[in-house]
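Hi,

Here is the structure I promised to pass on to you. Have a look at it first, and then read on for what turned up when I went through it.

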Amino acid sequence: LVSRDFKPTPSVVDVDGVKIGNGSLIVMGGPCAVESRDQLMEAAQIVKAGGAQFLRGGAYKPRTSPYAFQGLEEEGLSYLAEARAATGLKIVTEVTEVAAVELVASYADMLQIGARNMQNFHLLKAVGRTGKPVLLKRGLSATIDEWLHAAEYIVNEGNYNVVLCERGIRTYEEYTRNTLDLSAVGALKHLSHLPVIVDPSHGTGKWHLVRPMSMAAVAAGADGLMIEVHPNPAEALSDGPQSLNPGNYMALMHDVQRLAEFL
Ligand code: PEP
Ligand code: MN
């Protein structure tokens with residue numbers, strides 16, 4: 001169902017009026033995690049000012065260590081909804097378990113499936129049944145074929161509103177957190193009709209690589225970007241080293257918008 005053979009024309013995913021895959025560049029910006037009401041409201045104003053369409057932020061955080069900040073859960077979801085009301089930004093946020101799907105879907109405009117859950121097939125079917133737009137991130141060690149099969153699980157429930165997100169894969173390289181596979185953009189466009197966005201924040205793990213890799217992703221034909229932005233990255237509870245500060249975020253938005261207009 002997700003293949004080009006089945007549907008030759010590119011799909012456009014409509015998230016409450018914001019269209020992904022129709023040729024205009026979509027940006028999802030925001031902190032890794034919703035940390036507090038003040039932090040999220042400040043981040044939302046910055047994200048909005050830069051011209052992004054979506055606010056991202058995890059309320060449920062799938063952390064590598066059980067001792068790391070786990071997220072504010074429903075309290076965090078309520079701050080996201082408040083930030084939407086204040087800015088008009090659409091909300092994309094991760095859901096990590098089947099039991100939380102209904103709750104997260106009641107607050108979010110788009111449900112994010114994180115890299116660690118890309119092959120959680122019960123979760124994929126559950127988000128498929130909501131009919132809500134889904135952002136499906138690539139698994140840490142997933143091939144493109146495995147990733148498309150994961151998307152197939154969602155679409156097979158009747159939910160065609162799936163956007164794929166390349167966020168880097170595990171390789172032997174250690175300087176970068178992951179190796180951002182930009183060839184996946186072209187490969188997915190060739191194999192599938194689904195829109196594709198790129199997350200250079202998790203893809204590189206380093207804030208200074210986010211702008212060049214964003215430019216490369218747009219040049220490669222990505223339909224959008226997911227960018228971690230924090231009012232004060234040094235104080236972030238998660239992923240500070242890869243988060244852009246407000247000034248660097250504004251500079252990135254200026255550059256990617258110019259490039260997108262040129263293309
Ligand atoms: C995220 O985007 O918040 C996240 C946890 O990313 P990933 O699942 O790609 O690691
Ligand atoms: Mn993060």
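This is a predicted model: local features need pLDDT of at least 70, side-chain atom pairs count only at pLDDT 80 or more; totals for chains, interfaces and linings use all residues.

As for the geometry, α8 covers residues 207-219 and α9 covers residues 246-262, and the two pack at an angle of about 15° with their axes 9 Å apart. Angles under 35 degrees count as roughly parallel, and α8 and α9 are therefore roughly parallel to each other. Their crossing is right-handed.

V256 sits in helix α9. Is V256 buried or exposed? It has 24 C-beta neighbours inside 10 Å, so V256 counts as buried; the cut-off for buried is 20 or more. Leaving aside residues up to four places away in sequence, V256 touches L25, S214, M215, V218 and L225. If you want a pair to locate in your viewer, V256 and E42 are 214 residues apart in sequence, and their C-alpha atoms are 22 Å apart in space.

- D16 is not a glycine, yet its phi is positive, at about 50°. D16 belongs to the loop between β1 (13-15) and β2 (18-20). Because D16 has 11 C-beta neighbours inside 10 Å, it counts as exposed.
- E73 is not a glycine either, and its phi is also positive, at about 55°. E73 is found in the loop between β4 (54-56) and α2 (74-87). With 15 other C-beta atoms within 10 Å, E73 is partly exposed.

Finally, the ligand. Which residues are around ligand 1? The shell consists of C32, G58, P62, E94, G114, A115, R116, K137, R167 and H202. Sorted by type, the shell around ligand 1 divides into 3 nonpolar, 3 polar and 4 charged residues.

Happy to talk any of this through once you have had time with the model.

Best wishes

Methods
Residues are numbered from 1 along each chain as its sequence is written. Chains are lettered from A and ligands numbered from 1 in the order in which they are written. Axes are lines fitted to C-alpha atoms, for helices over the stretch in contact, and angles run from 0 to 180 degrees between N-to-C directions. Helices (H or I, at least four residues) and strands (E, at least two) are DSSP runs, numbered from the N terminus. Angles under 35 degrees count as roughly parallel, over 145 as roughly antiparallel, 65 to 115 as roughly perpendicular and the rest as oblique. A crossing is left-handed if the near helix is turned anticlockwise from the far one by less than a right angle, and right-handed if clockwise. A residue is buried if 20 or more other C-beta atoms lie within 10 Å of its own, exposed if 12 or fewer, and partly exposed in between; C-beta atoms are placed from the backbone. A residue is near a molecule or strand if its C-beta atom, placed from the backbone, lies within 6 Å of it. Ala, Val, Leu, Ile, Met, Phe, Trp, Tyr, Cys and Pro count as nonpolar, Asp, Glu, Lys and Arg as charged, and the others, Gly among them, as polar. Two residues are in contact if their C-beta atoms, placed from the backbone, lie within 7 Å.
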